[in-house]
Amino acid sequence: NGTTELVAINSRSWQGGCLGNDPAETRTGAIDTRVDDLGSWVKEVFSREKITPADIDGDGKDDLVLQRIDGSVIVHRNLGNSFGAGTVMSAGWSRFVTGTDMGRLYFADITGDGKADLIVHGTDGKVAVRKNMGT
């Protein structure tokens, strides 16, 4: 229908049976893997909640930042030998989770205060920073 579709991945080909091959070529050890039946799995994996390590509280240890499918951003603080219970730090980002609608969310210390800030990269190419206020 005028669109591109990936149906297989080829890792090796001996030109056996391919256009322009040497007629004396008889090897057929090509390795192919079909992918046309993996669409639902790829969509499921792509839409999973995303986990990003980032120092949210400025203590020098990476915390776990979870971007939930419902658009909330949950932080599990690094306690040294375990991670604490999750705390909702922000919400309303559901259109950013898949990366296909509004863009992507990233976490990094942009302001230099030792705490990871929220970086919003929109599909329009604009980048905005939401400063981490600690709460």
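Leu-105 stands opposite Val-120, a residue of strand S8. The model that holds this pair is predicted, so local features are reported only at a pLDDT of at least 70 and side-chain atom pairs count only at 80 or more, whereas totals for chains, interfaces and linings use all residues. Residues are numbered from 1 along each chain as its sequence is written, and side-chain values use heavy atoms, with hydrogens and water left out.

Strands S7 and S8, the latter spanning residues 117-122, pair in the antiparallel sense over six bridges; two strands are taken to pair if DSSP finds at least two bridges between them. They belong to an open, antiparallel sheet of three strands in the order S7-S8-S9, where S7 (103-108) and S9 (127-130) are the edge strands, each pairing on one side only. From one strand to the next the twist averages 25°, an angle on a scale from 0 to 180 degrees between the N-to-C directions of axes fitted to C-alpha atoms.

## Composition and confidence

The protein contains one helix and nine strands, where helices (H or I, at least four residues) and strands (E, at least two) are DSSP runs numbered from the N terminus. Read from the N terminus on, the elements follow the order β-β-α-β-β-β-β-β-β-β. Of the 135 residues in the protein, 21% are buried, that is, under 20% relative accessible area, with exposed meaning over 50% and partly exposed in between (1.4 Å probe, protein chains only).

Average pLDDT, the predictor's per-residue confidence from 0 to 100, is 79 for the protein, and 77% of the residues score at least 70. Among the elements, strand S1 (residues 8-12) has the lowest confidence, at a mean of 68, while S5 has the highest, at 92.

## The four-stranded sheet

A second open sheet is built from four strands in the order S3-S4-S5-S6, again with antiparallel pairing. Strand S3 (50-54) and S6 each have a single partner strand and stand at the edges, so one side of each is left without a neighbour in the sheet. The twist in this sheet averages 30° from one strand to the next.

S4, which comprises residues 63-67, is paired with S5 in the antiparallel sense over four bridges, and with S3, also in the antiparallel sense, over five bridges. S4 is mostly covered, four of its five residues being buried.

Glu-49 itself is found in the loop that lies between helix H1 (39-46) and S3.
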